[in-house]
Amino acid sequence: MHDIITLPGLGGSGETHWQTLWERSDACFGRFQPTSWDQPELDDWEQSLERAVRRCAKPPVLVAHSLACLLVAHWAARFPSAIAGAFLVAVPDPDGTSFPAEAAAFKPVPDRGLRFPSLIIASTNDPYGSLEVTQRRARAWQSGLIVPGALGHINGSSGLGDWPQGRALLDAFCAGLPR
């Protein structure tokens, strides 16, 4: 099994977020830790991710939510460290009206193919990113895309609990990665 690094978005993932619940139920999960979840600085988040990747004995899988999906694209363009793959959930639209001002440093987002396997999970009614924008991002990043329906921002407020469908998608994604 791969080590898994969870990458919460702005504000961190709260007590009812599936990332937090997955971390509690599986020792393979570990969370990266930037200086601030609420005042994100791109360089700090990139450096924090790089430290987390380097702590792993073998290339890990990244499980990113929201703003952290944009972090993965920035980090991949700057750092050569190997990862096994990236599972990207609820990619936000940095040019959308709902994009938080405190995350402005994450714009513009690299629009080139990622150098590792990646899969985007998107909702049909995400208030932070339209499906059309997410489809364009998936093409630019050369990522797979799965749309499991209307799940809001696929976070704690979506009422998904430990999101078994998402865990099954992650497990299937990981099963297809080189060991």
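At 0% relative accessibility, Ile154 counts as buried. The structure in which this residue is described is a predicted model. Ile154 lies in the loop between strand E6 and helix H5, the latter spanning residues 164-175. Gln142 occupies the loop between helix H4 (131-141) and strand E6 (144-149). In contrast to the buried Ile154, Gln142 counts as exposed, because its relative accessibility is 64%.

A further backbone feature concerns a proline. Lys107 and Pro108 are joined by a cis peptide bond, with omega about -15°. Pro108 is placed in the loop between strand E4 (85-89) and strand E5 (118-123).

The packing of helices was examined next. Two packed helices are described by the angle between their axes and the distance between the axes. For helix H2 (residues 42-54) and helix H3 (residues 67-78), the axes come within 10 Å and cross at roughly 75°. An angle from 65 to 115 degrees counts as roughly perpendicular, and H2 and H3 are therefore roughly perpendicular to each other. On the side of H2, the contact is formed by Leu42, Asp43, Trp45, Glu46, Gln47, Leu49, Glu50 and Val53, which meet Leu67, Leu71, His74, Trp75 and Arg78 of H3. Sorted by class, this contact of H2 with H3 holds seven nonpolar, two polar and four charged residues.

The largest nonpolar core has 35 residues, of which Leu7, Phe32, Leu62, Trp75, Leu88 and Trp141 touch the most other members. At least two residues of this core are supplied by each of strand E1 (4-7), H2, E3, H3, E4 and H4. H3 gives the largest share of this core, namely nine residues. Phe32 illustrates how residues from separate parts of the chain meet. Not counting residues up to four places away in sequence, Phe32 touches Ile5, Thr6, Leu7, Pro8, Trp37, Trp45, Ser48, Leu49, Ala52 and Leu71. A second, separate core is made of 21 residues, including Trp18, Trp22, Val89 and Leu119.

Leaving aside neighbours within four places in sequence, Val63 is in contact with Ile4, Ile5, Thr6, Leu7, Trp18, Gln19, Trp22, Phe87 and Leu170. With sequence neighbours up to four places away again not counted, Val61 touches His2, Asp3, Ile4, Ile5, Ala84, Gly85, Leu170, Phe173, Cys174 and Leu177. Val61 and Leu170 are 109 residues apart along the chain, yet their C-alpha atoms are separated by 9.6 Å. For Val63 and Phe173, 110 residues apart along the chain, the separation of the C-alpha atoms is 11 Å.

Helix H5 contains Arg167. Although its side chain is that of an arginine, Arg167 is buried, with a relative accessible area of 18%. Beyond its neighbours within four places in sequence, Arg167 is in contact with Met1, Trp22, Asp26 and Phe29.

Finally, the cysteines were inspected. The structure holds zero disulfides. A disulfide requires two cysteine sulfur atoms within 2.5 Å. The cysteine sulfur closest to that of Cys56 is in Cys28, at 11 Å, which is too far for a bond. For Cys174, the closest cysteine sulfur is also in Cys28, and the distance of 9.4 Å is too far for a bond. Cys56 is buried, with a relative accessible area of 18%, and Cys174 counts as buried at 5% relative accessibility.

Terms used
Residues numbered from 1 in each chain as written. Predicted model: local features only at pLDDT ≥ 70, side-chain atom pairs only at ≥ 80, totals over all residues. Heavy atoms only, no water. Contact = heavy atoms within 4.5 Å. Helix = DSSP H or I, 4+ residues; strand = E, 2+ residues; numbered from the N terminus. Buried < 20%, exposed > 50% of the residue type's maximum accessible area, 1.4 Å probe, protein only. Axes fitted to C-alpha atoms, helices over the stretch in contact; angles between N-to-C directions. Parallel < 35°, antiparallel > 145°, perpendicular 65-115°, else oblique. Nonpolar A, V, L, I, M, F, W, Y, C, P; charged D, E, K, R; others polar. Core = buried A, V, L, I, M, F, W, Y, C linked by side-chain atoms within 4.5 Å.
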